[in-house]
Amino acid sequence: MTTTKKRIGRPTTTDPRVYRHNFKLTTEENIRFKQMLCKAGLEHNRSRFIVKRIFKEEFVVLRRNLRRHNSLPG
């Protein structure tokens with residue numbers, strides 16, 4: 001009788017991101033970086049923003065108006 005164990009946790013990816021890089025910014029560069037993050041709307045995902053900027057990939061920010069969605073008649 002063979003049993004297969006269910007794998008728990010995060011699923012493995014076919015192309016894992018294993019290479020890491022570190023860089024330091026001056027105060028002025030950090031202020032500019034934070035402004036760029038805010039403008040792009042990606043304050044919560046810095047790594048994705050940096051990768052897209054490095055490789056000049058296009059990123060799109062979708063903004064939802066929650067007030068409009070919450071005031072549906074019903």
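The lining of the second largest pocket holds 7 nonpolar, no polar and 3 charged residues, where Ala, Val, Leu, Ile, Met, Phe, Trp, Tyr, Cys and Pro count as nonpolar, Asp, Glu, Lys and Arg as charged, and the others, Gly among them, as polar. The model is a predicted one, in which local features need pLDDT of at least 70 and side-chain atom pairs count only at pLDDT 80 or more, while totals for chains, interfaces and linings use all residues. Residues are numbered from 1 along each chain as its sequence is written, and side-chain values use heavy atoms, with hydrogens and water left out.

The chain has 3 helices and 0 strands, helices being DSSP runs of H or I with at least four residues and strands runs of E with at least two, numbered from the N terminus. Confidence is expressed as pLDDT, given by the predictor for each residue from 0 to 100; the chain averages 80, and 81% of the residues score at least 70.

Of the 74 residues in the chain, 9% are buried, that is, under 20% relative accessible area with a 1.4 Å probe and protein chains only.

Rolling a probe the size of a water molecule over the atoms shows where empty space is left. A pocket here is an open set of points on a 1 Å grid over the protein atoms alone, where a 1.4 Å probe fits, with protein on both sides within 12 Å along at least five of seven lines, and its lining residues have an atom within 4 Å of a point. The volume of the second largest pocket is about 250 Å³, and both α1 (27-40) and α2 supply at least two residues of its lining, which includes Phe-23, Glu-29, Phe-33 and Arg-53.

The largest pocket contains about 770 Å³ of space, and of the 20 residues that line this pocket, Arg-17, Tyr-19, His-21, Ser-47 and Val-51 lie nearest its centre. Helix α2 (residues 46-54) gives the most to this lining, with 6 residues, and the lining as a whole divides into 10 nonpolar, 4 polar and 6 charged residues.

Asn-45 is placed in the loop between α1 and α2. Its side chain makes a polar contact of 3.4 Å with the side chain of Ser-47 (a pair of N or O atoms within 3.5 Å, of which, within protein, one must be able to donate a hydrogen and the other to accept it, residues adjacent in sequence counting only if both atoms are side-chain atoms). The side chain of Asn-45 also reaches the backbone nitrogen of Arg-48, at 3.3 Å.

Note on methods:
Points joined across faces, edges and corners; volume = space filled by probe spheres on them. Buried < 20%, exposed > 50% of the residue type's maximum accessible area, 1.4 Å probe, protein only.
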